[in-house]
Amino acid sequence: MNGVHDMGGMDGFGPVVREQNEPVFHADWERRMYALVGPVMGSAQVNIDEFRHAIERIPPARYLASSYYERWVAAVETILVEHGVVTREELLAKQDASIDPRQIANAVAAHGPAPVKDKPGSKTARARFAKGDRVRARNMNPSGHTRLPRYVRGKTGVIARDWGVFVFPDTNAHHAGTKPQHCYSVSFDARELWGKPANSRERLYIDLWEDYLEPIAPKPKAAKRTTVHHTGRH
């Protein structure tokens with residue numbers, strides 16, 4: 001889906017400040033949050049794509065004001081309410097009074113793709129693309145979950161590597177089928193993505209599933225010209 005979480009290619013947020021000797025966790029509650037997410041997801045039968053989709057649906061203002069693990073908290077709140085483990089009222093009773101209640105487990109509803117049935121042998125399906133193939137990322141704007149970044153949609157790249165067959169995030173996030181398919185590392189020229197001001201020597205490699213790509217027919221080779229020499233003799 002299109003939202004503030006898809007920040008690739010966006011600017012105006014200031015420089016990225018790198019923290020020297022950054023610890024894995026900045027506070028004890030982050031450590032506990034990390035440990036809790038796995039059991040919560042397991043008990044509620046939540047997959048990783050559904051969890052990511054819950055993060056995507058955090059209201060923009062809260063998303064930008066939250067740290068990494070605060071977004072995990074918000075996603076877990078949403079998932080627990082949607083799966084009927086807790087109620088929104090129970091969560092609100094535990095929240096700080098200064099927090100806007102409209103932003104607690106009140107995510108924007110999103111509709112995913114139509115359910116699909118996994119085809120026999122799909123886990124060993126033949127790859128549609130091969131290394132060196134020219135492809136174009138589809139220009140699509142789904143209302144549900146997707147791992148196709150906005151800044152690459154409609155852009156042309158080259159298959160650099162086939163990683164093998166993986167579950168398709170767009171359907172898996174909505175429990176609409178796993179739809180396993182090949183995932184590729186696709187190489188994009190920086191100028192294809194950012195225009196002429198970009199460094200012509202830079203390339204970006206993005207992992208993209210097969211359903212995100214469409215083939216580009218190779219350029220036809222120019223026909224060889226036949227040269228006839230006239231000697232002037234008869």
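Predicted model: local features only at pLDDT ≥ 70, side-chain atom pairs only at ≥ 80, totals over all residues.
Me: Is Asp211 buried, partly exposed or exposed?
Reply: Buried means under 20% relative accessible area, and exposed means over 50%. Asp211 has 29%, so the class in between applies. Asp211 is partly exposed.

Me: How many residues apart in sequence are Arg203 and Asp189?
Reply: These two form a salt bridge, with the closest N and O atoms 3.6 Å apart. Arg203 lies in strand 4 and Asp189 in strand 3, so the bridge ties together separate parts of the sequence. Their separation is 14 residues.

Me: Are Glu77 and Arg62 buried or exposed?
Reply: Their side chains meet in a salt bridge, at 3.6 Å from N to O. The pair links helix 4 with helix 3 (residues 60-65), 15 residues apart. Both Glu77 and Arg62 are buried.

Me: Which helix gives the largest share of the lining of the largest pocket?
Reply: The largest pocket has a volume of about 450 Å³. It is lined by 18 residues, and the closest to its centre are His5, Arg52, Ile55, Glu56 and Arg147. Two elements give two or more residues to the lining: helix 2 (48-56) and helix 4 (68-82). The largest share, five residues, comes from helix 2.

Me: Is Pro169 buried or exposed?
Reply: Pro169 is in helix 6 (residues 169-172). Leaving aside neighbours within four places in sequence, Pro169 is in contact with Asp49, His145, Arg147, Trp209 and Tyr212. Relative accessibility is 1%, and the cut-off for burial is under 20%, so Pro169 counts as buried.

Me: What is the accessible area of the nonpolar patch formed by Met10, Phe13 and Leu64 together?
Reply: Met10 is in the segment before helix 1 (28-43). Met10 is partly exposed, at 40% relative accessible area. With Phe13 and Leu64, Met10 forms this patch on the surface. Together the three have about 290 Å².

Note on methods: Residues numbered from 1 in each chain as written. Heavy atoms only, no water. Patch = residues over 30% accessible without salt bridge, like charges linked within 9 Å, V, L, I, M, F, W, Y side chains within 5 Å. Areas by Shrake-Rupley, 256 points an atom, 1.4 Å probe, with all protein chains shown as cover. Salt bridge = Lys/Arg side-chain N within 4 Å of Asp/Glu carboxyl O. Helix = DSSP H or I, 4+ residues; strand = E, 2+ residues; numbered from the N terminus. Buried < 20%, exposed > 50% of the residue type's maximum accessible area, 1.4 Å probe, protein only. Contact = heavy atoms within 4.5 Å. 1 Å grid on protein atoms, 1.4 Å probe; cavity = no way out; pocket = protein on both sides within 12 Å on 5 of 7 lines; lining within 4 Å. Points joined across faces, edges and corners; volume = space filled by probe spheres on them.
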